[in-house]
Amino acid sequence: MMARGALLDVHAIETAYGLSRVLFGVSIEVHPGECVCLLGRNGVGKTTTMRSIMGLTPPHAGRVLWRGRDITGWPAYRVARAGLGFVPEDRRIFADLTVWENLDVASRAARGGGSKQFSIERVFDLFPKLRELTGRNGGFLSGGEQQMLTIARTLMGNPELLLLDEPSEGLAPIVVDHLGEQIARLKRDGLTILLAEQNVEFSLALADRVYVLEKGALRFSGPASALRDNEALRHELLAL
Amino acid sequence: MMTRLGRAPWPLLVVALALLVPAVGSRFYTFLANDVLIWALFATSLNLLVGYTGLVSFGHAAYFGIGAYTTGILMKKLAVPFVLAFPAAGIFAGLAALVFGFFCVRLTRIYFAMLTLAFAQIVWAICFKWNEVTGGEQGMPEIPYPALDWMDRLPWVGDLRTSDHFYLLTVLLVALCLWALRRIVGSPFGRILTTIRENPERAEFIGVNVRRYELIAFVVAGAFAGLAGGLFGIFNRGVFPDFAYWTKSSEVLIMTLLGGMGTFYGPPLGALALILLNQQIVSYTEYWPFVLGTILVVLLFVFPGGLAGAAGIVSRRLARALRA
């Protein structure tokens, strides 16, 4: 079932690392302007789903359609230039480059991708903290600052879809709150977001729709409100 | 005090000092300095791969050799003037790097290194066997010096020997090449190479076509190695197959590591140190490779950043001490 107008349509992908299969036919859709969340415990395949979409770990079966075009098997740089911006879980920046250089390199690398709406200035408006750190090497930033820089760097590529892999992981609660506000702001500005999270509260506050993964397959899909309002369901799907 | 020292135009001072060597030093020191300069360029070209892009090549001598043969054959057999034969070394070496690199960048890490080595051995074998063109095992002696008559008419340097004139030309050309390489690594292109060195996958998903950038770096490094080779053939008064042999590749790799691949001026420093060490130790003992090996092991363990890294640490400590 391919809905009309889906920005991203992941169709029954199966992905393995060598011989160990991780995904068993995962299908998800993301529509323009939506914030979709992949929920699930550690090791259920959230990161692998993201990596499969980006072409970093290509699926051996199934298809990834971007604006109706089959991008399965494309090298990651082409996927990135097509308008998919990936913020990985380990949120590593380029440690030997300054904050400014990290951003500059990203906008050059992504040339030809998407609409040119993000400039370094605009990104600094979004993350004012980074403006104060322009000349500092990425390696000397705190965890929260690195997370901001990773998101900012990805935005410099002018993505139409932002894939955020566990952005809240390992950050202090106050930093997580701040990050949530920034992501909400990006969504208000019209950016489409696919969020992979373990932090249920954090993601339900942002998401329109939710997919719950379990052991490499979909366990549930539906509006975020269904989980928000139904504690029993939430407990059943996600209790540790 | 330290900041004022840091702001001094160091590269210009070094060039000026280098130009003075024939006037103040003996013929031997000029010879040594010429050797150092050419290897400094060779090592810096390798550093573009090892230090800046994170690609360890075990076969960089291939391009050095191709450059040397190009200039040598053009000048000796075809009487092409140096102004054309020298850039041709860079062009031919760059073209060879384009062909070999096309395959090499498809592999990573040790496989990349082994393939660069394999291609270099092929180049060596061709130089060794292709008698009609390369002179085969005997090599090609008596490469002519470039026509530098115009230097005779210059004040001060007019009465110097031809080899000194060639040395002065080497200083200028190496300085020019190093300046160009410095511009390259400081450019946005150089920063993209840095992202590849730090993490190729991460570079890839921000949109960098990693293989293409690696190939460009490979070609640029090969071209500059070729230029170094072109100069070396003339300096050496002959071109021989061992220019492309794996021992040359390892020598230049050692210089790069010894000097410090983390910095731009590390490899030239490594070239200077290795050649001087060689010269000194050889005059004391026939077991110089043993002594050299020991020195290298100690250096690599104590100063993994090489000589340049060590100098950086010392100067920062000094700066802090002076400020306190």
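**Interface, confidence and packing**

Tutor: Start where the chains meet: 16 residues of chain B are in contact with 22 residues of chain A. This is a predicted model, in which local features need pLDDT of at least 70, side-chain atom pairs count only at pLDDT 80 or more, and totals for chains, interfaces and linings use all residues. Residues are numbered from 1 along each chain as its sequence is written, while chains are lettered from A and ligands numbered from 1 in the order in which they are written.

Student: What makes two residues count as in contact?

Tutor: Their C-beta atoms, placed from the backbone, must lie within 7 Å.

Student: Which helix of chain B gives the most to the side that touches chain A?

Tutor: Helix 9 of chain B does, with 6 residues. Helix 9 (188–198) and helix 10 (200–205) of chain B each supply at least two residues of that side. Helices here are DSSP runs of H or I with at least four residues, strands are runs of E with at least two, and both are numbered from the N terminus.

Student: How do you know how confident the predictor is in chain B?

Tutor: From pLDDT, its confidence in each residue, from 0 to 100. The mean for chain B is 90, and 98% of its residues reach 70 or more. Within chain B, helix 1 (residues 2–7) is lowest, at a mean of 58, and helix 11 (residues 210–235) is highest, at 97. For the complex, the predictor gives an ipTM of 0.82 and a pTM of 0.87.

Student: Why is Leu163(A) called buried?

Tutor: A residue is buried if 20 or more other C-beta atoms lie within 10 Å of its own, exposed if 12 or fewer, and partly exposed in between. Leu163(A) has 25 other C-beta atoms within 10 Å, so Leu163(A) is buried.

Student: Where is Leu163(A) found, and what does Leu163(A) touch?

Tutor: Leu163(A) is in strand 7 (residues 161–165) of chain A. Not counting residues up to four places away in sequence, its contacts include Met50(A), Phe86(A), Val87(A) and Leu194(A). Leu163(A) and Val87(A) are 76 residues apart in sequence, yet 6.0 Å apart in space, C-alpha to C-alpha.

Student: How do you know that chain B agrees with a compact globule?

Tutor: The radius of gyration is taken over C-alpha atoms, and the globule rule is 2.2 Å times the number of residues to the power 0.38. With 324 residues the rule gives a value near 20 Å; chain B has 20 Å, so the two agree.
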